[in-house]
Each structure stands twice: as structure tokens, then as C-alpha cells.
Amino acid sequence: MQDETTGSRVYVWDAPTRLFHWSIVILIFVSWLSADQGYMKVHLWSGLTLLALLLFRIGWGFAGATTARFSNFLHAPQKVLAYLRDVARGRKPLHAGHNPAGGLMVVLLLAVLLAQATTGLFANDGLKFSGPLSLVVSADQSDRLTQIHGVIFNIMLVLIWFHLVAIGFYFLVKGENLVGPMVTGKKHRAHVPEGVALVFTHPIIALLLLLLSAAGAAWILF
């Protein structure tokens, strides 16, 4: 399906990408709250769901819509720096999906979340709970991975803070709402390059990929 427009709005974010985004937001909160309150079974299932969604997003980064693909928003460091210089000079380069700096943030967040979910599989709470793969490593290694799990969480909080600051900057300084399009899927035409052609993958591909990712995460338990 080719580029879709509705009046002054252009459809840029497909439903699977948007659902992934907001599901991750919810799961991060649930994971933090369940660990903080000692609901470790909830924490386990939240972490496994997070892992399944991350596996899905990695696959969607190759098979998904134009704006969801890594090839669309993952750029060389010099291009990221050039984009930041343009922004600092008051210019406003247009991108249908993630800009080069935003794309870098997405990749960093995905990497940190994947590391967080993976280390959690081997972690323990020092009392009654152990991750599903904690028995395949020694007790010392499990304890070490538990510490790393905590450190990664702090790194994740820093990245989330930068992400929120960037959203606020674009809204208050650049006059561009980044949250709205991730809800509706549509950007204002003024924020999309003229003549851009986007291709969207059939939703059935997303469903099959999600089922495959969920099966991979569930396999860990059995």
C-alpha cells in the first residue's frame, strides 16, 4: 500500500509500530512497579512480554513499513551530527519518520531494553525468585547479572529522560508534536518532505511475526 494522505495529514506510522511503542511504555512501567512492590511473577511475565515485543520490533525493522525500517532511520554518525548542527542553526530538516537523532535514540533504547530483558532471565532477587535461565549459570554469575540488570535500568531511565526532553524541545521550540502522530499515525503535511513515497506492509505479516516472536520468548519457559 502506497503513501496515504487525508487532507492536511499524511499517514506515516503504521499500527504495528504504534502499538509496539505504547505497549513498551506500559510494560516498562509495569516491570518497574512489579519489581518495586515485589510482585515477581508479574515482573517475569512483563519481562517476557517485553522480550517478545523487542524480537518483533527487530524483525519489523526489516520487514515493516518504510518508516519502521532500520534502513530508513539508522544513519552514520556524521549524518546525525549534521542533522544536529542544522537544528542548532534554526533549520528544520523534514523526515517522514524518525529524524537521524531520533533514529539513533530508538536504536539505543531497543539495545538497552533488549539487554535489560535478557539479563533479567538470569537474575534473582536474593530471596525466593530466580529468572527462568538463572540455573544455567553459576550463583555468582546470576548475582553479577542481577547487578548489571539494575545498572541497565538506570541507563534506561537516562535515555527515557533524554527522549522526553527531545519531545518537549520539538513541541515548544520547533512547534512539532511528536506524540500525536504516534497515536493517530498521521503527521501534518508541513512536517513531511514533499513527494515522499511510503510503503506499508500488510498487517498479516506483523501478526505472523508477532506470533513467532511470542513463541520464541515462551520457549524460554518450557
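In which helix do Phe-56 and Trp-60 both lie, and how many residues apart are they? Both lie in helix 2 (residues 40-63), four residues apart, which is about one turn of the helix. Helices here are DSSP runs of H or I with at least four residues, strands are runs of E with at least two, and both are numbered from the N terminus. The model is a predicted one, in which local features need pLDDT of at least 70 and side-chain atom pairs count only at pLDDT 80 or more, while totals for chains, interfaces and linings use all residues. Residues are numbered from 1 along each chain as its sequence is written, and side-chain values use heavy atoms, with hydrogens and water left out.

A pair of aromatic rings is described by the distance of the centres and the angle of the planes. Rings of Phe, Tyr and Trp (its six-membered ring) are paired if their centres lie within 6.5 Å; planes under 30 degrees apart count as stacked, over 60 as edge-to-face and the rest as tilted. A search of the whole structure finds seven aromatic pairs. In one of them, the ring centres of Phe-56 and Trp-60 are 5.6 Å apart and the planes are at 20°, so this pair is stacked. Phe-56 has 5% relative accessibility and counts as buried, and Trp-60, at 0%, counts as buried too. Buried means under 20% relative accessible area, exposed means over 50%, and partly exposed covers what lies in between (1.4 Å probe, protein chains only).

Another pair joins Phe-62 and Phe-70, whose ring centres are 5.3 Å apart with planes at 70°, so these rings are edge-to-face. Phe-62 counts as exposed at 58% relative accessibility, whereas Phe-70 counts as buried at 14%. Ring pairs also bring in Phe-73, linking Phe-62, Phe-70 and Phe-73 into a cluster. Contact means heavy atoms within 4.5 Å. Ile-58 lies in helix 2 and is partly exposed, with a relative accessible area of 32%.

The next topic is the nonpolar interior. In soluble globular proteins, nonpolar side chains tend to be buried together. A nonpolar core is a set of buried Ala, Val, Leu, Ile, Met, Phe, Trp, Tyr and Cys residues joined through side-chain atoms within 4.5 Å. The largest such core has 32 residues, and those with the most contacts inside it are Phe-20, Ile-24, Leu-54 and Leu-113. At least two residues of this core come from each of helix 1 (15-37), helix 2, helix 3 (70-73), helix 5 (100-122), helix 6 (139-172) and helix 8 (203-219). Beyond its neighbours within four places in sequence, Leu-54 is in contact with Phe-20, Leu-110, Leu-113, Leu-114 and Ala-117. A second, separate core has ten residues, including Val-10, Tyr-11, Trp-13 and Ala-96. Val-10 is found in strand 2 (residues 9-11) and counts as buried at 4% relative accessibility.

Helix 5 also carries Gln-116, a buried residue with a relative accessible area of 10%. Not counting residues up to four places away in sequence, Gln-116 touches His-149, Ile-152 and Phe-153. Helix 5 meets helix 4 (residues 77-88) as well: their axes come within 8 Å and cross at roughly 130°. Axes are lines fitted to C-alpha atoms, for helices over the stretch in contact, and angles run from 0 to 180 degrees between N-to-C directions. Helix 4 and helix 5 are therefore oblique to each other, since angles under 35 degrees count as roughly parallel, over 145 as roughly antiparallel, 65 to 115 as roughly perpendicular and the rest as oblique. Lys-79, Val-80, Tyr-83 and Leu-84 of helix 4 make the contact with Pro-100, Ala-101 and Leu-104 of helix 5.

Leu-19, in helix 1, counts as exposed at 60% relative accessibility. The C-alpha atoms of Leu-19 and Val-183 are separated by 8.7 Å, with the two residues 164 residues apart along the chain.
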